Amino acid sequence: MAFDVRRFDIYRKIPKDLTQPTLTGAIISVCCCCFICILFLSEFLHFINVNVTSELFVDNPGDNDRILVHLNITLPRLPCSVLGLDIQDEMGRHEVGFVENILKTPLGSNEEGCRFEGRFYINKVPGNFHVSTHSASKQPEAIDMAHLIHEVSFGTKLASGQKGSFNPLKEVDKTSAKGELDLLNIESHDYVMKIVPTTYENLAGLKVESYQYTYAYKSSVTFSHTGRIMPAIWFRYDLTPITVKYTETRPPLYSFLTTVCAIVGGTFTVAGIIDSMIFSASEIFKKFEIGKLS
């Protein structure tokens, strides 16, 4: 006698001529399919979307003890020839007229106005960098530090809108604002920044180190040791010992499949129970109408 594998079929089929379709069953079936489609779509969107979680921990400097700075600023009332970048910090660094990776672009043919751009490194200690005329061989008669900031950012740049992508000083305009002393042309501008180390890890496990920061602004009038007023645009910074880590996550495939099976199976089961209850109630009502309910 041949072995019939069909005996293991737990999904036994009932001939259609032994089943009875009903209007109620059809309505419940259509509603059930629509409900399953809606839940499946919402679960699929949740599965393909990337979630970003954050956590805080004490910063571990490791081997990276320097921070890359991106500076892009326009000074509309000073020529490029007198502008320079000075860098100072608490480790004793003091550089006047820093020139490495500095680009100065005149705004007009008469050399009035300058687009000042730079990429440079700072140590992971409190300090400052400032744009000034301190390194100029001959100081101009009027030093007007009115400016428009395009970018001040730290570390590796992240995609715009991505968590951890910070440039809060972008488009800060100090080209027309006057200080409390109404002395715009001799005014120094101070941006005091608190820098927070930030790590972003994508789904592929690639880690990018960046830095967020907040800032406070003030204006003042400063004098050199000779008594001359020496305006500058100061960016004073300090670092927090706490690192913010952003991690991209996505639900695992098995979780998505389990949820889909639960949606389909659960919906069909509940719909079947509802259909059975309605069908049984209608049969009882029919018997009651003809007086055969006993």
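Visitor: Is Asp144 buried or exposed?

Guide: This is a predicted model. Asp144 has a relative accessible area of 11%, so Asp144 is buried.

Visitor: Which residue forms a salt bridge with Asp144?

Guide: Start with the general idea. Side chains of opposite charge can pair when their charged atoms come close. Here, the partner of Asp144 is Arg77, with the closest N and O atoms 3.5 Å apart. Asp144 sits in the loop between strands S7 and S8, and Arg77 in the loop between strands S2 and S3, so the pair ties together parts that are 67 residues apart in sequence. Arg77 is partly exposed, at 34% relative accessible area.

Visitor: How many salt bridges does the count come to?

Guide: The count comes to 5. Among them is Lys245 with Glu201, whose closest N and O atoms are 3.3 Å apart. This pair links distant parts of the chain: Lys245 is in strand S13 and Glu201 in strand S10, 44 residues apart. Lys245 is buried at 16%. Glu201 is buried at 17%.

Visitor: What is the distance between the closest N and O atoms of Arg93 and Glu95?

Guide: For that salt bridge, 2.8 Å. Arg93 counts as buried, at 19% relative accessibility. The cut-off for buried is under 20%. Glu95, at 30%, counts as partly exposed.

Visitor: Now the nonpolar side. Which residues make the nonpolar surface patch of about 420 Å²?

Guide: Phe40, Leu41, Phe44, Leu45 and Ile48 make that patch. Take Phe44: its place is in helix H1, residues 23-48. Phe44 is partly exposed, with a relative accessible area of 35%.

Conventions: Residues are numbered from 1 along each chain as its sequence is written. This is a predicted model: local features need pLDDT of at least 70, side-chain atom pairs count only at pLDDT 80 or more; totals for chains, interfaces and linings use all residues. Side-chain values use heavy atoms; hydrogens and water are left out. Patches are made of residues with over 30% relative accessible area and no salt bridge: like charges are joined within 9 Å, nonpolar side chains (Val, Leu, Ile, Met, Phe, Trp, Tyr) within 5 Å. Accessible areas come from the Shrake-Rupley method with a 1.4 Å probe; for residues, only the protein chains shown count as cover. A salt bridge is a side-chain nitrogen of Lys or Arg within 4 Å of a carboxyl oxygen of Asp or Glu. Helices (H or I, at least four residues) and strands (E, at least two) are DSSP runs, numbered from the N terminus. Buried means under 20% relative accessible area, exposed over 50%, partly exposed in between (1.4 Å probe, protein chains only).
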